[in-house]
Amino acid sequence: MSMIVSSIGQGLLWATLGVALFLTFRILDFPDMTVEGTFPLGAATAVMAISHGMNPLAASLLAFAAGALTGLVTGLLYTKGKVPILLAGILVMTACLSINLRIMGGSSNVSLLGKQTLFASNFLTQLPKYFDSVFVGLVVISVITILLIVFLQTDLGQAFIVTGDNREMARSIGINTDNMTIMGLMVSNGIIGLGGALIAQNNGYADVSMGIGIIVIALASIIIGEVVFGELTLNQRLVAVTLGSILYQFVRLLVLQLGFNTNDMNLLSALILAICLMLPQFSKALNLNHVLKKGLASYDQEN
Amino acid sequence: MIKKTEAPLLSLADIVTTVNGGTPNEVTILNHLNLNIYDGDFITVLGSNGAGKSTLFNTISGELPVTAGTIKLRDRDITHLSVEKRTAFLARVFQDPKMGTAPRMTVAENLLLASHRGHRRTLRLRGLKQQMPHFKEMTATMDGNGLSERLNTATENLSGGQRQALSFLMATEQRPDLLLLDEHTAALDPKTSAQLMAQTNQRVTQERLTCLMITHHLDDALKYGNRLIVLDQGKIKYDVRDEVKAALTKEQLLGFFESID
């Protein structure tokens, strides 16, 4: 039971990454590799700030700001520097590897042992085991999702959506698509930075390598949500990301229960994501089966 | 050439537009082009392929920077104004039905976005519901294409004709000082094309919109508008208006083209 609660808590905390990536991957329609650098950057920023006596909430917000800054750099490289988005993300992600080490004073792992964190309040420590992460995760992801849903219903939010949907048309009605792209990257990476801060506080440490593979986990939340829940409105899709994130954690739990090593998780995550991404092709193949069963005549009639 | 005493709405003076500048592929498309557009002008634009029609539109809209020359909106120099800022006074309908609308957004959402054309986007709630009766009324004016019944449909599910009708509505719902129609009926079947052309003409003449319309149909060029220009090698070769245009025959117009060749 406690494992299930733990998975739900982890799912809620990691959902911040899925929701953040939804802004760039699904709305702006490009993969932003920056996140693999932003996530440990958020973690490192928050952990070091807390180590220096900063309030955990303020430290988490500082991690958001640090993340937004990396988004700004990627955005400027892409829009003003005309660097292809994939490469712009990889450049900033790589730069973050050094920056994160600088922030953490040269060590690759900094512990929060004995320090105050968001999970250390009296109320949370009185809760049963793992319920603290469920509570914090639920509050944070609810606030982020509600703010995003409201934002996407504003004139600015609509301009942001149309930028990803049809850039030419957006420009032709006076929307500065460069600014929209930069804004999206800043908000997205800000949320990733915050996610890094939360997960570092939950784990009790920040590690420079904690960003490896996280883009796959975030994408898996989005894709699993879409595959499981099907046709949804934009608002519902945002909520589905969180549910997808929890489902991903369940799959992870299942895989570990089956006796796989945690070191295999990145391989398995990639496999899960690849299978989900290939599902539309599988369903096409299923149609082919239908044709094989019923003969080509039925195919001709239907098309 | 046209002589008018009133001040032009938009003037292009000695415009040179070069693409691939500084490379072996450098091509001068607009070559010292001069054009004055007056309030209420409905200009049909003709010219062979490569004459510079689309480049003229891209230069007016700011998509292509000019190499030399000046563009003025009344007395204001807008030569270096960005595409986005020019949309405050300019609207455009593209030839490709896919270019003018956002595919995953609904008809109503597209109309709402276009109603703020050229304005700063703020954190104000969009208020789509309040606008629905207005959108219903507006789309009903484009009768015969069923757009008013499909306000909540994503535009990717519309036909080409419906998309172009929507693009036209989006361009005109907030009155533009200048409307650019870039062969906006060319991709449609003959019936739909004629229908949209008639609706376009009605709207442009009734509201006295200032409009430039590229077309390849000589009949349309003769039938619509009060002024006709023919482009050749990046210059305005012929420019006729009012009575002269009204008296122009298709044979004479074909003669223009023969003189070019």
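Modeller: With the annotation. UniProt positions are given here in the numbering used for the model, feature names are shortened, and an annotation may be inferred rather than shown by experiment. With that in mind, UniProt places the feature "domain: ABC transporter" at residues 10-258 of chain B, in an unreviewed entry. The model itself is predicted.

Colleague: What are the helix and strand percentages of residues 10-258 of chain B, and how far apart are the end C-alpha atoms?

Modeller: The span is 35% helix and 24% strand, and its end C-alpha atoms lie 30 Å apart. Chain B as a whole has 9 helices and 10 strands.

Colleague: How does the radius of gyration of chain B agree with that of a compact globule?

Modeller: The rule is 2.2 Å times the number of residues to the power 0.38. For 261 residues a compact globule would have a radius of gyration near 18 Å, and chain B has 19 Å, which agrees. Its C-alpha atoms fill a box of roughly 55 × 40 × 40 Å along the principal axes. Of the 261 residues, 39% count as buried. Among contacts in chain B with a separation of 6 or more, 69% are between residues 24 or more positions apart.

Colleague: How many bridges join strand β1 of chain B to strand β4 of chain B?

Modeller: There are 5, between β1 (residues 10-19) and β4 (residues 68-73) of chain B, which run antiparallel. B:L10 stands opposite B:L73 in β4(B).

Colleague: Which strands form a hairpin with 2 residues between them?

Modeller: β9(B) and β10(B) do, and B:Q233 in the turn has a positive phi of about 45°. The two strands, residues 227-232 and 235-241 of chain B, run antiparallel and are joined by 6 bridges. B:L231 has B:I236 in β10(B) as its bridge partner.

Colleague: How should I read a pair of packed helices?

Modeller: Two packed helices are described by the angle between their axes and the distance between the axes. The axes of α5(B) and helix α6 (residues 190-206) of chain B come within 10 Å and cross at roughly 10°. That makes α5(B) roughly parallel to α6(B), because angles under 35 degrees count as roughly parallel. The residues that meet include B:F168 in α5(B) and B:L196 in α6(B).

Colleague: Is B:P176 buried or exposed?

Modeller: B:P176 is buried, because 20 other C-beta atoms lie within 10 Å, and 20 or more is the cut-off. B:P176 sits in the loop between α5 and β7 (178-182) of chain B. Apart from neighbours within four places in sequence, B:P176 is in contact with B:F89, B:L90, B:A91 and B:A171. By contrast, B:G144, with 13 other C-beta atoms within 10 Å, is partly exposed. B:G144 is in the loop between α4 (128-140) and α5 (160-172) of chain B.

Colleague: Last, how many residues of chain B are in contact with chain A?

Modeller: 25 residues of chain B are in contact with 18 residues of chain A. On the side of chain B that touches chain A, α2 (83-86) and α3 (107-115) of chain B each supply at least two residues. α3(B) gives the most, with 3 residues.

Definitions and conventions. Residues numbered from 1 in each chain as written. Chains lettered and ligands numbered in written order. Predicted model: local features only at pLDDT ≥ 70, side-chain atom pairs only at ≥ 80, totals over all residues. Pairing = 2+ DSSP bridges. Helix = DSSP H or I, 4+ residues; strand = E, 2+ residues; numbered from the N terminus. Buried ≥ 20, exposed ≤ 12 C-beta atoms within 10 Å, placed from the backbone. Contact = placed C-beta atoms within 7 Å. Axes fitted to C-alpha atoms, helices over the stretch in contact; angles between N-to-C directions. Parallel < 35°, antiparallel > 145°, perpendicular 65-115°, else oblique.
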